[in-house]
Structure formats: structure tokens, C-alpha cells
Amino acid sequence: MKSPFMASLASRLQHSVTPNALRSYFAEFLSTFFFVFAAAGAAMSTRKMMPDATSDPSSLVAVAVANAFALSVAVYISANISGGHVNPAVTFGMAIGGHISIPMSIFYWISQIFGSVVACLLLKFTNQQVPTHGIPQEMTGFGAAVLEGVMTFGLVYTVYAAADPRRCVHAAIGPLAIGLMLGANVMATWPFTGGSMNPAYSFGSAVVKGSFKNQAVYWIGPFIGAAIAGLVYDNVVFPAQVTESLRGIGGGIVVV
């Protein structure tokens, strides 16, 4: 006789391989590919046009705007299919809040990482140096992780707010708000950590370059920040009983 735990696990595993779930994974792959291609490509373009881009304020603005626009579109095109996570940290934050199962989260992470790696490989095939996220010598890994965690907290909190139907936010405004939060954070921290907030983006560029220095910063910080954001939104700021996503299998919040 199956135990309740095993029965629940089997049900969740079965739910993670339905046609709708498979469409969600493909949507996450595509949206992450589009975002990383645009974000990394923008950083490459600024370095191509301005060799001293790291000290040019205009390059910072250009990269931040490109990140904001790319994420807004990436979230918008996949929101009704997969929830528009585009980021393993967002998926983790949703899993902590109970809006997506652990088995599905793992498939989301695989799809997002694969999308990022493919985007960076395609950029590398143009014979360009794909930039990786890194921290300056005067900064510690702990400090960088704290920055990434705080930024990801803001990003995932915005995702929760944008997906919550109780806020009566128009569907097109939510993705824009998420993109603007990302762009603002990039402007605030690009010289210090690269303003990643996305482990898949950081991992994809690291794989292509073959350098994983300080890679833990871009996983530990964002995952902790995302988890805290999910817990704070659901249990402190807008506590409510929630059920399956309104925006898609892995997304929004439904009050019941």
C-alpha cells in the first residue's frame, strides 16, 4: 500500500510531465534565451563601441535599459504559459511560496539554464567575447552575495505583486514593472556584481567562457533573496490562502 507521501510525490511527478507542463518548460527555455541573448548582447555591444565601457556612464544606462526591455518582453510572452519566471531564483521563490511544485521547479531550472547556455553559445559563435559576471578585487564574495540577494528580493517581490490578481494590475503593466525593477538594480550594482539577479544568466556565460570564479555568489545570494521575498509577501504583507497559479502552471497567486 502506498504511503500518502509517496502517493503525493507520484501525483506531483505525473503533473510535471503533462502536455501543459512541457509547453511551460519550452516557454521558459525560449523566454530565457531571448532575455540572455539581449542582455549579454547589449553588454558586448557597449564594449565593442566603447572599449572603456566599464568607466562610461552611458554604457551603464544602455545595458540597464536593454535588460529592462528584454525582461519585460520575456515575461510578457510566457506569462500565460509558464508564469514568465525567466530566472531560477524566481522559480525558487515561487516554490517556497507553494505556487509551483519541486519537481516542476527542477524542470524549470533545467529549461532556463539550457536557454541561457544556448544564447551565450550563439553569441560566442559571432567571434565575440561573451562577458561574465564578476566582482571587483576590493569586494568580498559575501558582500557581493548580499547585494545580489537584496536585488533579487526586490525583483521577486515585484514578481509576486505583479502576479497577484488582488492588486488589479493590468496584465501588460506587470511585466513592465518587473523589467523596470531589474533595470534599476542593474544601474545600481553593475560595477560591483554585474547586476545579475539571475543564476541561469551568470551560469550560461560562465560555461561559455569556461570560468566559474565567484559563481556561488550568483546562486546563493539570489536564492536566499528570492526565498525571503516569497515568504514576506505571502505571510506578512499580503497573507492569504493560495492555490494553483492564475497566470499559468508556475506563476501567479489566486485567493480562495
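Student: Does Tyr 201 count as buried or exposed?
Tutor: In this predicted model, local features need pLDDT of at least 70, side-chain atom pairs count only at pLDDT 80 or more, and totals for chains, interfaces and linings use all residues. Buried means under 20% relative accessible area, exposed over 50%, and partly exposed in between (1.4 Å probe, protein chains only). Because its relative accessibility is 7%, Tyr 201 counts as buried.

Student: Which kind of aromatic pair do Phe 35 and Tyr 201 form?
Tutor: Rings of Phe, Tyr and Trp (its six-membered ring) pair if their centres lie within 6.5 Å; planes under 30 degrees apart count as stacked, over 60 as edge-to-face and the rest as tilted. By this rule there are 18 aromatic pairs. For Phe 35 and Tyr 201 the centres are 5.9 Å apart and the planes stand at 80 degrees, a geometry that is edge-to-face.

Student: How many residues apart in sequence are the parts that Phe 35 and Tyr 201 tie together?
Tutor: Helices are DSSP runs of H or I with at least four residues, and strands are runs of E with at least two, numbered from the N terminus. Phe 35 lies in helix α2 (residues 19-49) and Tyr 201 in helix α8, so the parts they tie together have a sequence separation, in residues, of 166.

Student: Which kind of pair do the rings of Phe 153 and Tyr 157 form?
Tutor: Both residues lie in helix α6 (residues 141-163), four residues apart, about one turn of the helix. Phe 153 is partly exposed at 29%, and Tyr 157 is partly exposed at 24%. Since the ring centres are 6.0 Å apart and the planes are at 25 degrees, the pair is stacked.

Student: Which residue is 76 residues apart in sequence from Ser 205?
Tutor: Ser 205 belongs to helix α8 (residues 199-209), and it is buried because its relative accessibility is 0%. Beyond its neighbours within four places in sequence, Ser 205 has contacts (heavy atoms within 4.5 Å) with residues including Cys 120 and His 133. The residue 76 places away, with its C-alpha 9.9 Å from that of Ser 205, is Gln 129.

Technical notes. Residues are numbered from 1 along each chain as its sequence is written. Side-chain values use heavy atoms; hydrogens and water are left out.
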